[in-house]
Every structure is written in C-alpha cells, then in structure tokens.
Amino acid sequence: MTALPAAVLLALIPGTASAYPNPGLVTGAVVVHDPTMIRTSAGKYLLYATGGGLGHRTSSDRIAFSAGADAFGAKPGWWSGYATEAWAPDISYHGGKYLMYYAVSTFGSNKSAIGLAASSTGLPGSWSDYGIVYTSTTSSDYNAIDPNLFVDDDGKWWLSFGSWWTGLKMIRIEPSTGKQYAGDTKRYPLASRPTGTKAVEAPYIVKRGGYYYLFASYDTCCAGTSSTYKVKVGRSTSITGPYHDKNGVSMLNNGGTPVLESHGRYIGPGGQSIMKDADGDLIVYHYYDGQDNGTPKLGVNLLNWSTGWPVAY
C-alpha cells in the first residue's frame, strides 16, 4: 500500500477535525451487523454477519454486495440451549478449508457459547458444524461471545473473545480440532474496564511489523442512533499481552487508542474485523446510519500502518 503524505496522515490523527473517514462506497445488500469478510482464491468476497443462521453477502468488486442464503440452512440443535440465532461470526481459511467461529447467546446474558463450523467452499449450505468450542454461564465473570481466531507464525492457534463483564479473554486452540488445546487451558486476560462501564467487546488480533495489535469495540452498541460504539486498538510484543495503547495505558485498565468513532451520519462504528486484501488491510465494520433511522450498515475502510499505529482512511 502506498504511504500517505505526512499532511494527510496528520489530518487523520484522532482528535483533529478530519479524524475519522467516511466509509468507502458499498451498495446493494449492505444492512449488516458484526461483519466478517474473506476473499477467495478466485477473487470473490464472502461476508457473513450476525442474525438467523448467520447472514451471507457476496461481492465480486468489494462495492456491490448481494444477499444469499444463511450459512446454516438448518440451525444446529445445540443452539437451542443458548438462543435461536448466531452472532458475530469470524471467517478464516486454514488447512485447505474455511473455518467459522461464531457465538450463540441472548442480548445482555453471559449464558453463551462459541461454536465452530467448517466448509470447503465457504458458501451457504456447505458448512459442517463442529459443535461447542467454549462456554460461559450466568455465574462466569466473562462472556463467551465475539470469537476471533489468530494463527501465529510458529503455528500456534489462539482464540480471543469476550464482551462486558471482566472483558476480553484468550484461549489456546488445538489446530487439529479447532477446539481448546489440552496442553494449555489458561484463560488469558486481554482487555478490561475495571472502573466505570464494563463495555468492551469484539476482539480482533493481527500481527504487523513485529507487534500484535488488538482491536476492540468500546461502549454501547445496538441502540441505533443512540449507539456510542467506537473502535480502539492497543499493541503488544506477545500474543497474550499485555496490550498498551499509544499513550502506554494498559488495555486491562481502560486503555485503547481510537481508530473509528461516530461522525456525521456514521454513528457507533464497531463489530469490526480486519482483512488483508490486494490493496492493503481493510477494517470491516458496521455503523448506524443517522440518515436512515439508525439502520446498521456495512462500513469498509483501508488502514495505513506507517506510523506504527493503524489509521483508517
């Protein structure tokens, strides 16, 4: 990706007048929540999102999106113990197959479960469900939703997750099963807000330039034009943390450097995922449209890393 001129980068630094860019142009079936997107070897974009049996969208150019069938034609039977719909999918490609972690829960409850499905094509109707990966109960101090898989350079697999309660967590995953690694059952803390609101969720981790970057959504989602959602980031030299923001504040103590916040009609951006594409890294997220009664819509922006911190443009 071509480096941006210094003057342009300065204009994009949070806190300045032009801190946050408008989403890139997308058209068609763009009403989504918690989107995750991947590009196939044929160049086609597959997007899945919260709702039903995990809603599907597709695009050939990253602009025009069409709606398709849900990932699951028949919802797995085990879902009924937690909810009737799935949330916050996370799609990736490893070992010759597409993997999708997702959550099953109800709003405001931490009786939740993370599930896993796999597919050779990534298309609706092709997913085989592998069942429950990790759970939380009403007596847990964490919430097992919003999963994100990260595969390290040395082949270790990690799953971050979490929402509210004591914040974001991580467990190690066994690559052969996609479930928790028996040799390390620790639940690592990644981010929390010990004072004030507990509102941090939707972790997503990438590695760039020797650092691990933890993206997360802060504050209140799912309230239309009253949403206060925003995306923040911290970084660490270790996958399990500790993660600190640009000012050195720990993400375990309310830290986080802003990446996207509300501006103009684009209210409450969050539920983000990061995707590497031919022209650079993308942040893929939803926002609530202030000019359309707060309808949740797809947002896509490129990220520039030249300062050592991700800047959306």
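This note sets out selected features of the structure above in numbered points.

1. Basis of the note. The structure is a predicted model, in which local features need pLDDT of at least 70, side-chain atom pairs count only at pLDDT 80 or more, and totals for chains, interfaces and linings use all residues. Residues are numbered from 1 along each chain as its sequence is written, and side-chain values use heavy atoms, with hydrogens and water left out.

2. The largest nonpolar core. A nonpolar core is a set of buried Ala, Val, Leu, Ile, Met, Phe, Trp, Tyr and Cys residues joined through side-chain atoms within 4.5 Å; buried means under 20% relative accessible area, exposed over 50%, and partly exposed in between, with a 1.4 Å probe and protein chains only. The largest such core has 18 residues, and F72, Y102 and W127 touch the most other members. Two or more residues are given to this core by each of β3 (45–49), β6, β7 (97–104) and β8 (112–119). Strands here are DSSP runs (E, at least two residues), numbered from the N terminus. The largest share of the core, four residues, comes from β7.

3. Surroundings of W127. Contact means heavy atoms within 4.5 Å. Leaving aside neighbours within four places in sequence, W127 is in contact with Y48, A71, F72, I91, Y98, L99, M100, A117, A118, S119 and G122. The residue is buried, with a relative accessible area of 8%.

4. Aromatic pairs. Rings of Phe, Tyr and Trp (its six-membered ring) pair if their centres lie within 6.5 Å; planes under 30 degrees apart count as stacked, over 60 as edge-to-face and the rest as tilted. Across the whole structure, a search finds 17 aromatic pairs. In one of them, the ring centres of Y48 and W127 are 5.8 Å apart and the planes stand at 85 degrees, so the pair is edge-to-face. This pair links distant parts of the chain, 79 residues apart: Y48 is in strand β3, and W127 is in the loop between β8 and β9 (128–136). Y48 is buried, with a relative accessible area of 0%.

5. A further edge-to-face pair. The rings of Y213 and W309 have centres 6.1 Å apart and planes at 90 degrees, so this pair is edge-to-face. Y213 lies in strand β16 (residues 211–218) and W309 in the loop between β21 (295–304) and β22 (311–312), so the pair ties together parts that are 96 residues apart in sequence. Y213 is buried at a relative accessible area of 2%, and W309 is buried at 7%.

6. Aromatic cluster. One aromatic cluster is formed by F72, W78, W79, Y82 and Y102. F72 and Y102 are also among the residues that touch the most other members of the largest core.

7. D90 lies in strand β6 (residues 86–94). D90 is buried yet has no salt bridge, and the nearest side chain of opposite charge, R208, is 12 Å away. A polar atom of the D90 side chain lies 3.0 Å from the backbone nitrogen of L149. Not counting residues up to four places away in sequence, D90 touches T36, L99, M100, Y101, P147, N148, L149 and Y204.

8. Salt bridges. A salt bridge is a side-chain nitrogen of Lys or Arg within 4 Å of a carboxyl oxygen of Asp or Glu. The structure holds eleven of them. K207 forms one with D153, the closest N and O atoms being 3.0 Å apart. The two are 54 residues apart, with K207 in strand β15 (residues 200–208) and D153 in the loop between β10 (148–151) and β11 (157–161). K207 is partly exposed, with a relative accessible area of 26%, whereas D153 is exposed at 67%.

9. R208 forms a salt bridge with D281, the closest N and O atoms being 2.7 Å apart. R208 lies in strand β15 and D281 in strand β20 (residues 280–289), so the pair ties together parts that are 73 residues apart in sequence. R208 counts as partly exposed at 24% relative accessibility, whereas D281 is buried at 4%. Elsewhere, salt bridges that share partners join R39, R62, D277 and D279 into one network.

Definitions and conventions:
Lys, Arg positive; Asp, Glu negative; His and termini not counted. Polar contact = N/O pair within 3.5 Å; in protein donor to acceptor, adjacent residues only side chain to side chain.
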